[in-house]
Amino acid sequence: MLVSVAWLQDYVDCQDVPSARLVERLTLTGTEVKQVREVGQGLAEVRVARVAGLRRMPGSDHLWLVDVDVDGGGAEPVPVVCGAQNLHPGALVPWAPPGAVLPDGLRLAVRRMRGHESRGMLCAPDELRLGDDHEGILLLDEGAAEVGAPLSAVFPPDRVLELEVTANRPDCLHHAGVARELAAALGRPLRPPDLRLPARAGTPAAERVTLEVADPGDCRRYRAELVTGIGRATTPAWMAQRLRAVGQRPLHPVVDIANYVMLDVGQPLHTFDWSKMGGGAAPVAVGVRRGRSDEELTGLDGVTRRLGPEVLVITAADRPVGLAGVQGGAGTAVDPDTAAILLEAACFAGTTVRASARRLGLRTEASARFERQLAPTLPEVGSARFLRLLDQITGAQLHPGPVEAYPGRRPPAPPVIIDGARLAGALGLPLSLERAAAALRSLEFTVTVADGRLAASPPPDRLDVAIPEDLVEEVGRVVGYDQVPATLPGRRQAVGALAPAPRGAGLALDVACAAGFDEAITYSFQAEAVGRRLPGAGRGQAPVPLRNALGPQWAWLRVSCLPGLLESCARNQARSLERTRLVEIGHAFWGPAGPDQPTEPLLAALVDHVPGGGAVEAAERLRRLLAVLALIGERVGLSPLEFQPVEGGEPGWHASRCVHLSAAGRWLGVAGEVDEGVAASFDLRGRVVAAELRCDGWLQDGGRVPRVHPVARTPAVVEDLSVVVGERAALGVALRAVRAGDLPQLESIRLLDEYTDARLGPAHKGWTFRLVLRDPTRTLTGAEAHAVRDRVVTILSLAAGARLREGG
Amino acid sequence: MRPESLAGLAATARAEVAAAVDLEGVEAVRLRYLARRDGELTVAAASIGRLPDQERGPMGRAFNAAKAEIEQALAERRSALLQTTRAQAAEAEWLDLSDPAVSLELGHLHPSTRIQREVEAIFAQLGYRVVEGPEVELDEVNFQLLNIPPEHPARDTQDTFYLTETLLLRTQTSPAQIRAMWAQPPPLRVITPGRVFRRDNPDATHFPMFHQVEGLCVDEGISFSDLKGTLEYFSRSMFGPDRAIRLRPSYFPFTEPSIEVDVSCFLCGGAGCRVCGSSGWIEILGAGMVHPQVLRNGRVDPDRYSGFAFGMGPDRIAMLKYGIADGRDLYENDLRFLRQI
């Protein structure tokens, strides 16, 4: 929303206020000022001129030699060289003569370009600080000013504020409304708009027009005025200047006045050409109803649109003539010859206009206002303002009227009441009711104070004020939130936990980061096919589709984080990074699709990709990955995390390098090397190892409290033990068996080395373990230590077919 | 035994010390003369006690002098030998330590996660509990119970992904307010971090998915000043102790009054720069007093309780705080980006 400070001055003294203060005061009312543009500065030396003729400069593909008529008095045209491509003979343009200084400080002179004299220059909007456009020369509207006049006659000095108006404040989409806010913010008096009507005469409008509103839910009020005898005139300069300042193009008086009134007091108006409506001696039946699917209408923009039941239309003799609240019809549009009009000032339902505009794919200044639900009192304000200006500018005969349907008329709402203690308590600011009342009155509220309570009625166009909390806001923003002290809620009772629940997922993330994995965040949606390639922990789960995805690549909610991570690996590979290790902890979505919310498991996914990596180094990375998983399990108290080789392979994974992850009998996920074909389908070269496991619920109860065993201070016996096993013997199985073997004196066992050696025989490998043996109460004898060691060998032989290596 | 023979013993020992070529040799000399039981000087001294009184004094002094002489020689020789050893080791074991030369790679938290954790820690200090809400939400909870009925203009700015007629990807974390009130009667202080979704094609400032943190405090007598104090505490904890905040009236359907919160620019200190758009202020969050209808929708009696709510974007805060110019970097997971955090 653009507002002109010169225009605001009609309602409140503000032209003397520096821009910085205007910005600050208005912003603190809640209407943010995004930008202030000074327009019409330094334009007195720039003149209005006319292109008398133009031709290409010989030898140039873009420069023009332009003859410019600069005084309109038949004097010799002035030669100007120009590089813009939007000129035509007769165009009215700004010309900066030699010696003039442009707003950006550029001083013009007579120059020669490629042998051609150029006197001064024709200007683009940005060179005049009249806009950001540098695409072409500013083309002035015919009649904007006489040739030779200073450009400041077209664009007088003004400041234009670009406002961001919140959805609840349609009253700030016009100058009178913004002025009301500004008056309150500056503490200055507000001048009301002049709403006196011209005299009425002639045939009563009611004899020429009948009205029918089909559904009061669509249209709370429809007010029509019949005006005839409209004279030929041009839009007065002051109005044209203001319209231009806020980005509107003046057309001709009837349309301009309607536009002006909308920007002035906020009521969108529509003017139907009365003769094109079929106006004459017989009354015209004007209706407001829903469109039909077999109807269409060509709008003012020249586009023909099919109507339908979502679209509200205005009809004349049941024929659509306008898209209610959105745009008029071309067939009944006013033109410079229009002598009689039917003026529409209506209050359409915001939701209806919103639905219409969306169905039509057409948002206009009018629909944007109606959508925010205008007040039903506004049509009489808007029509009075229009009729008065029309009478002044063109002369016109206003017929007795109006003709009006007002099915949405309601008794005035009772005042909103708040007691003083509640008001002060809500703000946390000691405040007298008198001060609150004064704040509200500055916004044109009607206020009475009695018995420690305040009763306030908002001005009729402030539909957003209905409950006591609304008064709290109005008082607060006028008094200023900077006046409110900063306090913290009193700790009357303990609330919740003082620390966030330690969350397993966060700890898992920390472990993964410490192990060298960078945290990634990938989109929660993916292509269906991508999700199926590597479902990770979401194996067997039904994916859930989006109804209105941004594209097929994002059409399904993910069942696993892994595909997104593989896509990230591919991006890093494409950018020549050597190795990508990523971890993501996030929610996936498991169906079924339907009326119920899908489950949202929290998954931890890790990938490690080396472009060009081979089988041996991938095996090393996979083992390290399992070690990281084991650390995560230990950190979140899952230990021991168990790795169970998958019999017969798992879709998406290497046929023999894949394990299921579980803890305490609960299945958690899967880890392994990604199938080469799957990796290739993500454009990944080389091998990827990956894992994904469920981590919801970890440590949500604060986690297991560790119980500490006393540390034995007796000496340990440390022994290394070498055994020979088959080449596919499972270390995990062997170690689990030893740990389950009820050997209280075996403090620890760990693998020191795994090796192959010709002396072990074919299809065999060696394991060397380090055993730490200790009894907490006494020093172990050699015989006792030996007994434990023998027991370990027995267990290993039973669990893994191990035999003691000679000499080991 | 005469005092002179003790001095002779010391002289011999000194010569042997000087001849020792390593620390073991020095130790052997020490043991030969000074060993506790059978060192030559120790043995000689054993007889002193038996001497007549007039001889005991001079012999004792001679013994002490000889012992001191030997010990000094030992210490000097040891120190000389150590110095030689160090010099040899310095030569033989020289190591280039100007750089670790091997690298242990530390992974990095995503910038948004890092900010989210900071936010959680700050509000934990104020007694807030972290709770999560579903990312697939009911239209009713995401919109209607927050005073955003169908056709409400606020839906325009939150273009929504739908799964079904009634299920959507949450467009904001605000539905967590409703769920928090359903889950626990006041007093209540929670924050809810998480992903939110808007149907926007990604560009430098728009993403179909981003993060928010919602906060809610409901109790008896909660006032606007409590909201202001809380946000001031947060802003100073997050952006620095000298920060000022500015509360601008705004509009959210589910709070009344509603505000947007600016913090004085932490780069230029409020003088105006490119980051704050020369205004000196940076918008960091939206907030307000919970609308009485929303309290009712959360089964909380608005005549007894009041509360405030706030919502912020960790992505945006990360961009401001870490100087991230293009938000797309947040979701491309380029290692060169992630490793800077």
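Predicted model: local features only at pLDDT ≥ 70, side-chain atom pairs only at ≥ 80, totals over all residues.

Colleague: What makes Thr228(A) count as buried?

Modeller: Its relative accessible area is 18%. Buried means under 20%, so Thr228(A) gets that label.

Colleague: Which residues is Thr228(A) in contact with, leaving aside neighbours within four places in sequence?

Modeller: They are Ala339(A), Ala340(A), Ala396(A), Gln397(A) and His399(A). Contact here means heavy atoms within 4.5 Å.

Colleague: Let us turn to chain B. Where is Val300(B) found?

Modeller: Val300(B) is in the loop that links helix H9 (292-297) to strand S9 (306-312) of chain B.

Colleague: Why does Val300(B) count as buried?

Modeller: The cut-off for buried is under 20% relative accessible area. Val300(B) has a relative accessibility of 4%, so the label applies.

Colleague: And what does Val300(B) touch, not counting residues up to four places away in sequence?

Modeller: Val300(B) touches Met181(B), Pro186(B), Val218(B), Leu295(B) and Tyr305(B). As for Leu169(B), its C-alpha atom is 26 Å from that of Val300(B), and the two residues are 131 apart along the chain.

Colleague: Now for the whole of chain B. How many helices and strands are there?

Modeller: Chain B has eleven helices and nine strands.

Colleague: Why is chain B called more spread out than a compact globule?

Modeller: For 341 residues, the globule rule gives 20 Å. The radius of gyration of chain B is 40 Å, well over that value, so the chain is more spread out than a compact globule. Along the principal axes, the C-alpha trace spans about 120 × 45 × 45 Å.

Colleague: How is chain B divided into domains?

Modeller: Domain 1 takes in 3-92 and domain 2 takes in 111-338. Taken over C-alpha atoms, the centres of domain 1 of chain B and domain 2 of chain B are separated by 82 Å.

Colleague: What share of the residues of chain B count as buried?

Modeller: That share is 55% of the 341 residues. The accessible surface of chain B is about 15,400 Å², and carbon and sulfur atoms account for 51% of it.

Colleague: And how far apart are the mean positions of the positive and negative charges of chain B?

Modeller: They are 7 Å apart, with 37 positive and 47 negative charges.

How values were computed:
Residues numbered from 1 in each chain as written. Chains lettered and ligands numbered in written order. Heavy atoms only, no water. Helix = DSSP H or I, 4+ residues; strand = E, 2+ residues; numbered from the N terminus. Rg over C-alpha atoms; globule rule 2.2 N^0.38 Å. Buried < 20%, exposed > 50% of the residue type's maximum accessible area, 1.4 Å probe, protein only. Areas by Shrake-Rupley, 256 points an atom, 1.4 Å probe, with all protein chains shown as cover. Lys, Arg positive; Asp, Glu negative; His and termini not counted. Charge placed at Lys NZ, Arg CZ, Asp CG, Glu CD. Domains from an automatic or database assignment.
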